[in-house]
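Me: Could we go through this one together? I'd like to start with the sheet and then turn to the annotated site.

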Number of protein chains: 4
Amino acid sequence: MTRVLLTGFDPFEGERVNPSWQAVSAVAAAPPDGCAVEAVRLPCVFGAALDALRAAVERADPDIVVCVGQAGGRADLTVERVAVNVDDARTPDNAGRQPVDTPVIEGGPVAYFAALPVKACVAAARAAGVPASVSQTAGTFVCNHVFYGLMHLIATERPSLRGGFVHIPYTTEQVLDRAVPSLSVTLAAEGLRAVVGSAVSRVEDIVMAGGATH
Amino acid sequence: MTRVLLTGFDPFEGERVNPSWQAVSAVAAAPPDGCAVEAVRLPCVFGAALDALRAAVERADPDIVVCVGQAGGRADLTVERVAVNVDDARTPDNAGRQPVDTPVIEGGPVAYFAALPVKACVAAARAAGVPASVSQTAGTFVCNHVFYGLMHLIATERPSLRGGFVHIPYTTEQVLDRAVPSLSVTLAAEGLRAVVGSAVSRVEDIVMAGGATH
Amino acid sequence: MTRVLLTGFDPFEGERVNPSWQAVSAVAAAPPDGCAVEAVRLPCVFGAALDALRAAVERADPDIVVCVGQAGGRADLTVERVAVNVDDARTPDNAGRQPVDTPVIEGGPVAYFAALPVKACVAAARAAGVPASVSQTAGTFVCNHVFYGLMHLIATERPSLRGGFVHIPYTTEQVLDRAVPSLSVTLAAEGLRAVVGSAVSRVEDIVMAGGATH
Amino acid sequence: MTRVLLTGFDPFEGERVNPSWQAVSAVAAAPPDGCAVEAVRLPCVFGAALDALRAAVERADPDIVVCVGQAGGRADLTVERVAVNVDDARTPDNAGRQPVDTPVIEGGPVAYFAALPVKACVAAARAAGVPASVSQTAGTFVCNHVFYGLMHLIATERPSLRGGFVHIPYTTEQVLDRAVPSLSVTLAAEGLRAVVGSAVSRVEDIVMAGGATH
């Protein structure tokens, strides 16, 4: 049995829900074969989110961690390639903090690559009928903060742990009157299940173009 | 029993499916209460599409006609407000025809408003959990062609008939690797069911802002 | 000497400038050969804008009227094809009015086509180095209101007058920190000069695809 | 006199021009006060672009290097924050090479931050009337390749050199009939001049939010 920890976030920026929490809850309730999945909800707060992640990892001792966040405006499920050591918030987090150009981890390296077979995860989501692609940036808000913190934890304390970050679009209920892209929670959860399945079953990635011209 | 005719289109521009046909088929298979729904598939061909629509109206003698088309790139279900008397094709239709600035109906008026409670239809789709909005243009390709032809038929021959046009986004299977907005067929059909229900139950529209600045 | 009346708008939606007024002022200051150009500034107010337009037409007795408005978010100069008989405002105008689904002109036809060689105007702007295209909708706010009112005036009272509507993007100074498309006032004015030149020199349009799929 | 090396690229993806080369040529022809600016044109080819950059740095021995590339579709001048050690091409480069998930520099760190006062550069461009923002990703094509190679050169061989990467939108002539954002070469050059001026005059950056939520 592979132990999988999934994290979602609290709602932020005035939203009433966060589809990342809805989707990881759905996966935990109906996990992929061979996986025991625990879902943990993180505050959308710099620092506190990372503390909660570390505590969850300590307690659950997972083999794989996939953190999930809402990417409002994106049209598909995106598997993040790289976490960058910078916090730079355009808007305050849920505790009113708004760091600008401060490192996630003082003295940490500039960036970490995800410890997931990113391309294989994308291919698996597509094969499950869920639009998906590689993302070249997780931004500089709490999502990237948690992603970088996770990768730093793996690099410095838990070398056998693997993991990464997935962004999902708004869910339909968030955009009923906004003409903005959405993905139903059902589809997002289906995509995450495929990502987890891929992460569990392979370490080496596949060769598939997934870059961006800029 | 209200007789409802729904039309969808053949795939075009190299697509393997057209979600409009998938969605209207789904609604015909599970119609709203009190409605007998027939689904008819139109060719994506100027002229021939309108001939097929007229034949279907003759045969089915419906109370309401809602024509449905694919709007690749749009993020939500859109109820069209106005049909314009012009064909102007950027790409050839499925028969290789590419009219430029010719009228749909020679001598017809410049435009017709939809004979649907457009705002109520939008509100009903949203209430059913489907992102929806009013569209101010149905374009100038085969969709607008059919929409205009339908409204001209109502205006000149079938004054008791009511109807209009709805655009739906790409379905998920069309955009697995494209990072373009999509709506599942399930959701599109749910939205269409709500639109039909609204069209059946009321003639007067509700007052709800749904315009565009430009 | 051809008499040309150009109109621009007051700033709205909290903007400090309106590039339509900047651009038409620039054209009036340096008109195309053979043209006497007058620029008039309209309030961004339903009703009052149309009153001001009518007064200007009465006074100036122009051969050609081109009304110009700001289309924030569009990337190029767009020549509008069709004006629709509806006011439907998402936000209040500068006098706090927010009509919803009321006609511009009670009893007027559903729509009017522009009395400009739309495609030739687009081609002329491009030939002058200005990105341009045909637009299928002028929206349902004050721009479309003025456009429809102009066309109704032509249709009912001034059959020898010709005219239409052009939308231009935000100017650069409006979007310095917004990552939204813009066009400099210099380029917008250059494009308008080409549109006016084309409108003056020909009545028949050219055949050039300029439609939209939806 | 500060020695500044600017690089632009050859056209690629079927374009006839590359605005990056047009803009850096314009800056070299009219440099900021106190700067001697040399412009060098790089091939849009993995490997060869970096070889040409290294040769130019050897020869010119600059104090500051700003590499510039075309970001088709972006609406403003963007100063890149971080270069990532990966080549992942969706399309072949000008020599037909299409690397997928290979490092720019074998054994190099995952990423480098730009050695420019990124926020000050953005603020300077805006103050010069040019829309500008921070970008969180330079993509994974030849632009990022050159950016990473430059930063690696600085980190390993030329510690006193400073530099980074700026993306500019399509120029107007590239998008006359495409309805895609553009920036004139004049404005792009004006923005680059401001970026260079800022890079020359300060090492410490200003504190100004410039991040992305995702």
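This is a predicted model: local features need pLDDT of at least 70, side-chain atom pairs count only at pLDDT 80 or more; totals for chains, interfaces and linings use all residues.

Me: OK, which strand order does the open sheet in chain C have?

Reply: The order of its 6 strands is 2-1-3-10-4-9, and the pairing is mixed. Strand 2 (35–42) and strand 9 (132–135) of chain C are at the edges with a single partner strand each, so one side of each has no neighbour in the sheet. On average, neighbouring strands are turned by 25 degrees against each other, direction ignored.

Me: In what sense do strand 4 and strand 9 of chain C pair?

Reply: Strand 4 (residues 77–80) of chain C pairs with strand 9 of chain C in the parallel sense, over 4 bridges, and Ser135(C) in strand 9 is the bridge partner of Glu80(C). Helix 3 (residues 118–127) of chain C lies across strand 4 and strand 9 of chain C, at about 160 degrees to strand 9.

Me: Switching to chain A, which residues does the "active site" annotation cover?

Reply: The UniProt annotation, from an unreviewed entry, covers Glu80(A), Cys143(A) and His167(A). Although they are spread over 88 residues of sequence, they cluster in space, the largest C-alpha distance being 10.4 Å.

Me: Is Glu80(A) buried or exposed?

Reply: Glu80(A), which lies in strand 4 of chain A, has a relative accessible area of 0% and is therefore buried, the cut-off being under 20%. Its side chain makes a polar contact of 2.8 Å with the side chain of Arg74(A).

Me: And what does His167(A) touch?

Reply: Among its contacts are Glu80(A), Cys143(A) and, from chain D, His214(D). His167(A) lies in strand 10 (residues 162–168) of chain A and counts as buried at 0% relative accessibility.

Terms used: Residues are numbered from 1 along each chain as its sequence is written. Chains are lettered from A and ligands numbered from 1 in the order in which they are written. Side-chain values use heavy atoms; hydrogens and water are left out. Two strands pair if DSSP finds at least two bridges between them. Helices (H or I, at least four residues) and strands (E, at least two) are DSSP runs, numbered from the N terminus. Axes are lines fitted to C-alpha atoms, for helices over the stretch in contact, and angles run from 0 to 180 degrees between N-to-C directions. Contact means heavy atoms within 4.5 Å. UniProt positions are given in the numbering used here, feature names are shortened, and annotations may be inferred rather than shown by experiment. Buried means under 20% relative accessible area, exposed over 50%, partly exposed in between (1.4 Å probe, protein chains only). A polar contact is a pair of N or O atoms within 3.5 Å; within protein, one must be able to donate a hydrogen and the other to accept it, and residues adjacent in sequence count only if both atoms are side-chain atoms. Lists of a residue's contacts leave out its neighbours within four places in sequence.
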